[in-house]
Amino acid sequence: MYRRMFYLMTMLAGCLYASAQTVYHEPYRLQVHYSPRAHWMNDPNGLIYFKGNYHLFYQYYPGSTVWGPMHWGHAISPDLVHWKELPIALYPDSAGLIFSGSAVADPSNTSGFGKDGKTPLVAIYTQQDTVGEKAGRLDFQNQSIAYSLDDARSWTKYRGNPVIKSPGLKDFRDPKVFWHPEQKKWILVLAAGDRVMIYSSKNLKSWDKESEFGATSGAHGGVWECPDLFPLEVDGKKIWLLIVSINPGGVQGGSGIQYFTGDFDGHQFTSMDTTTRWADYGPDHYAGVTFSNTGKEKIFLGWMSNWQYGKLVPTEKWRSAMTFPRKLGLKKIGQNYYTTQMPVDAIEKLVIRKVYNKHISSVKNYALSGPIRMEFEVSDLHAFSFIFSNAAGENIKTGYDEEKNSFFIDRTQGGVSDFYPGFATIHYGPRIAQSKNSKVTLLLDNASLELFADEGLTTITEIFFPGQPFNSLQQGANIKPVTDIRISQLKSIW
Ligand code: FRU
C-alpha cells in the first residue's frame with residue numbers, strides 16, 4: 001500500500017515537474033541514450049530480449065538523485081534505441097536491498113515457475129542485508145530469485161530465497177546466469193572480491209559451486225563486480241569471454257571494465273593468459289554486461305559514469321545514463337583476442353540527415369545541431385583531431401596522437417568540472433589495430449562522446465557538462481586534416 005502510494009506520488013511529482021520543464025529535454029539530458037526520468041540510476045541489470053522487447057532493468061533509487069536503498073528500475077525498447085520507462089520491477093524486502101543481477105527465460109520450465117505453458121522469466125540478483133551488514137556480519141550479500149509470467153511486468157519473489165547464501169565474504173554479488181546447452185544446466189558467475197565464482201544448477205533454485213577464477217589474473221586495484229561469461233565465434237573458433245568490472249583500479253582511475261579470453265568447459269574458466277585487458281579506455285563505462293536471449297548476437301550495455309563522481313555530476317533531476325548499446329565481438333590481432341564494440345545497427349533509425357563533407361577545415365566552422373554520429377576513414381593513419389565547441393568557449397577534443405599511438409578524448413575545457421578534482425583531463429586509449437588505415441566512428445550526444453576506433457577495437461567513453469550543447473565542429477590546426485567525413489544528424493529518442 002505504502003509503496004503504491006509512494007509510486008503514485010513520485011509519478012504525480014514527475015507530472016507536475018513535466019509541466020514546468022519538458023522532461024527529457026533538461027540541460028545535460030542525453031538525447032540518444034537511456035536515462036531515467038528522475039532519480040538515481042547505476043548498473044544495468046537483468047538485460048534480456050523477450051517477445052519483441054529488450055528489457056533494461058537497472059539499479060535505481062526512487063528516493064533521491066544519489067545512491068540509496070536499491071530497487072530494480074525498468075524500461076523496455078522494441079529496438080534498443082527508443083526506451084519507455086515502466087514501473088519499478090523489484091522493491092527491497094526483508095531479505096535486503098535489490099542489488100545487481102541478471103535475467104533469463106526458462107522455456108523448458110526447469111524452475112517449475114511456468115504455468116499454463118507460459119515461459120517464466122527468472123531474475124537472479126543479490127540481496128544486500130543491511131541489518132546483517134550493520135551488525136558487523138560478513139554474510140550480508142546473498143543471491144535471490146524472482147519470476148514473471150507476464151512478460152516482466154510483475155514479479156513474484158521465490159519463497160525459498162536466498163538461493164545462494166554467502167559463504168561469509170563481504171563482497172559476494174552480481175550473479176549473471178546463462179544456459180549451458182552441452183552440460184544441460186544453468187551456469188552462474190558472480191563477483192567475490194578479487195575473483196569470480198562459478199556455480200551451476202538444474203533448476204535455478206539449487207546451486208553447486210563449480211570453480212573460481214581470477215585471484216592471480218588481471219587487475220586488482222579494487223573489488224571485482226558485475227561479471228559476464230559467454231562464448232563468441234571468431235574465425236570459426238569458439239572463444240569464451242569473461243568480462244569483469246573493477247572499482248576502484250580501473251584503467252583511468254575509479255571504475256573500469258576488464259576482460260579475459262579463454263575456454264569454459266562447463267566447470268572451469270581457463271584464461272589464455274593473465275594479462276589485464278580493458279574493454280573501454282574512457283572513465284565512463286562501468287558494470288557493462290550483455291543481453292540474454294539474443295542468440296549469437298551479443299549486445300553490451302554499461303553505466304555511463306564512474307563511482308568517483310557518479311553522485312556529484314551536475315544533473316538536477318536524475319543521475320546517469322547508459323552507454324549506447326553496442327554489438328560486442330572479438331577479433332584476433334597478432335596472437336591475442338580483443339573485444340570490438342560498435343553501436344547497434346538500430347542507430348540508423350535515428351538518422352535524420354546524412355551530410356557528406358570533404359572540407360571541414362580548421363578555418364571554417366561546421367554547424368552542428370543535436371546529437372550526431374560522425375564516421376571517417378584515415379588512410380595511412382596520422383595525427384588528427386576534432387574540436388566540438390560552443391559559443392561559451394567550452395570544447396571537447398578528440399583524435400589520434402601519433403607519438404603515443406593512442407586515440408584520445410580531452411575534456412579539460414568541456415564545461416562544468418569542479419564537482420570532482422581530476423575530472424577535467426585527457427584520456428588516451430592505445431591503438432590495438434595494426435592496419436595502415438583507421439576507421440573511426442564518433443557518437444556525440446549533449447553531454448557524452450563515445451569513440452569507436454578501428455571498428456571498435458579501441459573505444460573511449462566519456463561524459464561532460466557543457467553550459468550549452470556543442471554546435472560547432474572544426475579540425476585541429478597544423479595537422480593534416482581528415483578529408484572524407486560523414487556526419488549523420490540524429491533525432492532525439494524522447
Ligand atoms: C557496481 C555495484 C554492484 C552492486 C551495485 C549496487 O556498480 O557496486 O557490485 O551490486 O553496484 O548498487
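Trainee: By class, how many nonpolar, polar and charged residues does the shell around the ligand have?
Mentor: This is a predicted model, in which local features need pLDDT of at least 70 and side-chain atom pairs count only at pLDDT 80 or more, while totals for chains, interfaces and linings use all residues. Residues are numbered from 1 along each chain as its sequence is written, and side-chain values use heavy atoms, with hydrogens and water left out. Ala, Val, Leu, Ile, Met, Phe, Trp, Tyr, Cys and Pro count as nonpolar, Asp, Glu, Lys and Arg as charged, and the others, Gly among them, as polar. The ligand is surrounded by residues that include Trp67, Asn42 and Arg173 (a residue is near if one of its heavy atoms lies within 4 Å), and by class the shell has five nonpolar, three polar and four charged residues.

Trainee: How far does a polar side-chain atom of Asp174 lie from an oxygen atom of the ligand?
Mentor: Polar side-chain atoms of Trp67 and of Glu225 each lie 2.9 Å from an oxygen atom of the ligand. For Asp174, the corresponding distance to a ligand oxygen atom is 2.6 Å.

Trainee: What share of the ligand's exposed area does the protein bury?
Mentor: Accessible areas come from the Shrake-Rupley method with a 1.4 Å probe, and for residues only the protein chains shown count as cover. Taken alone, the ligand exposes 310 Å², and the share of this that the protein buries is 95%.

Trainee: Is His55 buried or exposed?
Mentor: His55 has its place in strand S2, residues 53-61, where strands are DSSP runs (E, at least two residues) numbered from the N terminus. Buried means under 20% relative accessible area, exposed over 50%, and partly exposed in between, with a 1.4 Å probe and protein chains only. Because its relative accessibility is 1%, His55 counts as buried.

Trainee: With which side chain does the side chain of His55 make a polar contact?
Mentor: A polar contact is a pair of N or O atoms within 3.5 Å; within protein, one must be able to donate a hydrogen and the other to accept it, and residues adjacent in sequence count only if both atoms are side-chain atoms. At 2.8 Å, the partner of the His55 side chain is the side chain of His74.

Notes: Helices (H or I, at least four residues) and strands (E, at least two) are DSSP runs, numbered from the N terminus.
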